[in-house]
Every structure is written in C-alpha cells, then in structure tokens.
Amino acid sequence: MKVISHDPYAALRIADFRLFIFSRLFLTLSIQMQAVVVGWQVYDLTKDPLGLGMIGLAEFLPSISVSLIAGHVADIVPRKRVIVSCMCLLLFCTSSLFYFTTDLSTFLARYSALPIYIVIFISGFARGFIGPSLFSFMPQLISREMYANAITWNSSTWQAAAVGGPALGGLIYGFYGISVSYFTDLVLLLIAITLMSCIGSRPVPPSDEQASSPLERIKAGIRFVFTNQLILSAISLDLFAVLFGGAVALLPVFAKDILNEGPKALGFLRAAPALGAVTMAVLMAYKPIKRKAGLKMLAAVAGFGLSMIVFAVSKVFWLSFAALLMSGIFDSISVIIRSTLVHTLTPESMKGRVSAVNNIFIGSSNELGAFESGVTARLMGVVPSVIFGGCMTLLVVLITRIKAKKLESLDLD
C-alpha cells in the first residue's frame with residue numbers, strides 16, 4: 001500500500017490508515033462470511049426464497065430507521081468511539097447465532113428461523129450506526145491530497161474481503177459445519193475490534209454551521225445532498241441499480257435448485273462479484289478514471305444490468321460465475337467514481353450526515369433489494385424476477401442520462 005504525501009505527520013497518518021484498512025478488512029470478512037452462512041441456514045430451515053428476502057428486510061428496517069440519527073452522531077461524537085461500540089454489538093449478535101447452533105440451544109428447533117431474524121434485526125442497528133462513522137472517520141486519518149489514493153485502496157480492501165468472506169463461509173460451512181463457521185466469524189470480529197482500538201483517536205471536526213439543534217443539523221445534511229445535482233444523481237443511480245439489479249439474496253436458490261450445486265458453489269458465486277470488483281479497483285488504483293467519468297459510470301451501471309440478465313438465464317455454473325464476475329467489475333467502476341465524488345465535494349464537518357443520506361440511498365438498498373428479490377421471486381419466479389431487475393436497471397440508466405446532464409459531462413481531473 002504505497003501513498004505519497006508531503007504532510008510532516010504522514011508516517012503517523014499512514015500507520016493509522018493501515019490499521020483502519022485491516023480492521024475493516026476483518027470486519028467485512030466477518031459480515032460477508034456470516035451473510036453466506038445465515039442465507040444457507042435460513043433456506044435450509046424454510047425452503048422458501050421469501051425467507052431469504054426476510055433476512056434483508058430484518059436488517060433494512062432498523063438500519064434505515066437510525067440512519068439520519070447515526071449521521072448526526074458521527075458529526076458530534078468521536079467517530080472511533082461509535083465504530084468500536086457498534087463492532088461490540090455485532091460481536092454480541094454473532095455470539096448469539098453461534099449459541100443457536102450448539103447443543104445447549106433449542107431455539108431453532110422450537111421457533112425455526114425466527115430467532116435468526118431477531119438477531120439480524122438487532123445487528124441492523126449496529127450496521128446503521130457504523131456506516132456513517134466509518135465513512136467519515138477515514139478522511140480524518142489522511143491528508144486531503146491522499147483522498148483519491150486512499151479511497152481506491154479502501155474500496156479494493158473492502159472488495160478483497162467481499163471475495164474472501166463468501167468463499168470462506170461456503171468452504172467452512174461445507175467442510176466443517178455451521179458451528180465452526182460462526183466461531184470463525186467471532187474470531188474475525190475480535191481481530192477487527194482489536195485493530196480499530198489501536199488507532200489514535202481523532203477529535204470531532206470543527207463546524208461553521210449556524211444550526212444548533214439535532215433536527216436542524218440533520219436537515220442541513222439532507223439539503224446539501226438534494227441541492228447538489230452531481231451527488232444526488234450519482235447516488236440515485238446506484239440506489240435503483242442495487243434495488244432492482246441485484247440477485248445476491250437469491251443465490252442460495254440458484255446454487256441449490258437451478259445449478260444443482262452445494263454450499264461450496266454458493267460461496268464461490270457470492271465471491272464472484274467481489275472478485276471482479278477488486279480486480280477492477282486495483283487497475284483503477286494504477287490508472288484512475290478522470291476524463292468522462294460520469295459517462296463511464298452510466299455505461300458501467302448498464303453493464304451491471306446486462307450481467308444480471310445473463311446470470312438469470314444461465315444454467316451452467318461457469319457462465320453464472322462469469323456473469324457475476326462481470327457485474328462486480330462494472331459495479332466497482334461506479335462505486336469508486338461515486339465515493340471520490342462524495343468525499344471531495346462534502347465538507348469534513350458534514351461527512352457523517354451526507355454519508356447517512358448516502359446510506360439510505362445505497363447501503364440500505366442492499367437489504368431492501370434483498371426483500372424485493374424475495375417478493376418478485378415469489379410472484380414471478382426466480383429467473384423472471386432477476387431478468388426483470390436487470391431490465392429495470394437499464395431503464396434507470398436511460399432516465400438518468402436524460403435527466404442528469406451534469407453527471408454525463410462529469411470529469412474527475
């Protein structure tokens with residue numbers, strides 16, 4: 001991880017940034033691994049694709065309900081304190097899931113998947129608070145001249161963990177069972193907490209805002225997003241692409257019932273988008289997109305939609321894997337351009353609230369998209385629902401290109 005800076009405190013900043021990156025690496029490994037294990041476990045218990053959608057809904061409701069408050073908290077409370085507290089709550093939730101799989105627990109035998117939904121619901125609060133704090137804490141660890149480089153490395157590391165997490169979850173589940181999977185998840189979280197705790201604390205950024213009450217400060221953050229066409233159009237584009245185009249929640253159905261594979265194959269399918277994404281992120285670290293970035297972002301989201309359509313009609317494992325791999329490549333381009341745009345245009349003292357709005361648009365759309373996938377799969381069938389989502393993504397790209405002219409002409413140089 002090579003960064004260049006003329007900051008006299010660069011060595012200390014880079015050391016803290018590395019701790020942050022590795023902490024997020026283990027946190028993401030844990031979250032992605034748990035998603036695979038929980039998805040397979042719930043589908044095993046319910047035999048219903050709607051049950052997979054309910055996982056997304058259980059996480060979405062608390063996350064979205066606290067998002068704006070979490071953004072305000074991230075701008076008035078030291079961000080490291082919020083992050084570590086949320087990690088500890090996630091540790092409690094994972095410990096509960098591990099307990100459910102032991103001989104001492106009879107919850108799942110008595111209540112089926114209900115205890116799992118309850119734990120996921122609780123973890124949704126932690127996910128809602130940790131997002132804005134992670135987003136706004138990273139810029140405090142680096143100088144502004146390092147933003148573009150740091151954002152690319154941050155994205156690459158996240159995607160690498162998103163590659164390893166699902167594969168690790170599928171392989172451990174397949175070879176050693178569910179209890180060992182959740183125990184491994186616990187170990188990863190403990191490492192993440194330890195690394196984050198070693199980072200030096202940063203004070204709350206000073207603010208020149210006149211707003212004093214929490215409600216006024218939250219409104220100021222919302223106004224900033226909705227009066228900036230570049231930020232608004234970029235996050236809106238990703239919102240609808242993720243909402244309609246994703247098929248991650250239905251992967252257990254595709255792996256088991258369409259491709260006739262097991263949990264190991266599910267792990268590789270879950271890892272495929274992130275594998276494509278991290279490959280593209282590394283390429284962009286050495287050759288970043290600057291000219292016609294907005295137009296390339298629109299093309300990337302369209303490519304994402306087309307990849308989902310190919311995945312839906314595939315009956316062969318390698319073609320399904322390749323389609324998901326391409327979806328990750330296209331998604332990485334969109335994510336890096338959007339992240340660079342939001343970080344660059346947002347004042348330091350407002351990053352938590354802007355991230356919260358971004359989380360409502362993007363982060364929570366993953367969980368809501370999972371619920372949408374489950375509902376449309378029940379109503380239309382699994383394959384038609386994914387084809388429908390891909391077509392809707394293409395329609396969103398067309399509408400955005402017509403309505404958001406500034407995004408189309410965006411350059412990042």
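1. A quick word on terms before the details: helices here are DSSP runs of H or I with at least four residues, and strands are runs of E with at least two, both numbered from the N terminus. This is a predicted model, in which local features need pLDDT of at least 70 and side-chain atom pairs count only at pLDDT 80 or more, while totals for chains, interfaces and linings use all residues. Residues are numbered from 1 along each chain as its sequence is written, and side-chain values use heavy atoms, with hydrogens and water left out.

2. Let me start with V253, which sits in helix α10 (residues 251-258). Its relative accessible area is 5%, so V253 is buried (under 20% relative accessible area; exposed is over 50% and partly exposed in between, with a 1.4 Å probe and protein chains only). Leaving out neighbours within four places in sequence, V253 is in contact with Y43, P49, L52, I258 and V382 (contact being heavy atoms within 4.5 Å).

3. Phi of N260 is near 55°, a positive value in a residue other than glycine. N260 counts as exposed, at 62% relative accessibility.

4. S385 is in helix α15 (residues 382-403) and counts as buried at 4% relative accessibility. Not counting residues up to four places away in sequence, S385 touches L250, S373, T376, A377 and M380. S385 and L250 are 135 residues apart in sequence, with their C-alpha atoms 9.9 Å apart. T400 is also found in helix α15, and at 12% relative accessibility T400 counts as buried. Beyond its neighbours within four places in sequence, T400 is in contact with S233, L237, L298 and L407.

5. Now α12 (residues 293-313). At 1.5 Å a residue, its 21 residues should span 30 Å, and the end C-alpha atoms are 31 Å apart, which agrees (the expected span is 1.5 Å times one less than the number of residues). Of those 21 residues, 15 are buried, so α12 is largely enclosed by the rest of the structure.

6. What is the angle between α12 and helix α13 (residues 317-345) where they pack? About 160°, with the axes 8 Å apart (axes are lines fitted to C-alpha atoms, for helices over the stretch in contact, and angles run from 0 to 180 degrees between N-to-C directions). α12 and α13 are therefore roughly antiparallel (over 145 degrees; under 35 is roughly parallel, 65 to 115 roughly perpendicular, and the rest oblique). Their crossing is left-handed (the near helix is turned anticlockwise from the far one by less than a right angle; clockwise is right-handed). The contact includes F304 and M308 of α12 and F330 and I337 of α13. By class, the contact of α12 with α13 has 15 nonpolar, 5 polar and 3 charged residues (Ala, Val, Leu, Ile, Met, Phe, Trp, Tyr, Cys and Pro count as nonpolar, Asp, Glu, Lys and Arg as charged, and the others, Gly among them, as polar).

7. One more pair: helix α2 (residues 49-76) packs with helix α5 (residues 114-137) at an angle of about 40°, with their axes 7 Å apart. That makes α2 oblique to α5. The crossing of α2 and α5 is right-handed, and their contact has 16 nonpolar, 9 polar and 2 charged residues.
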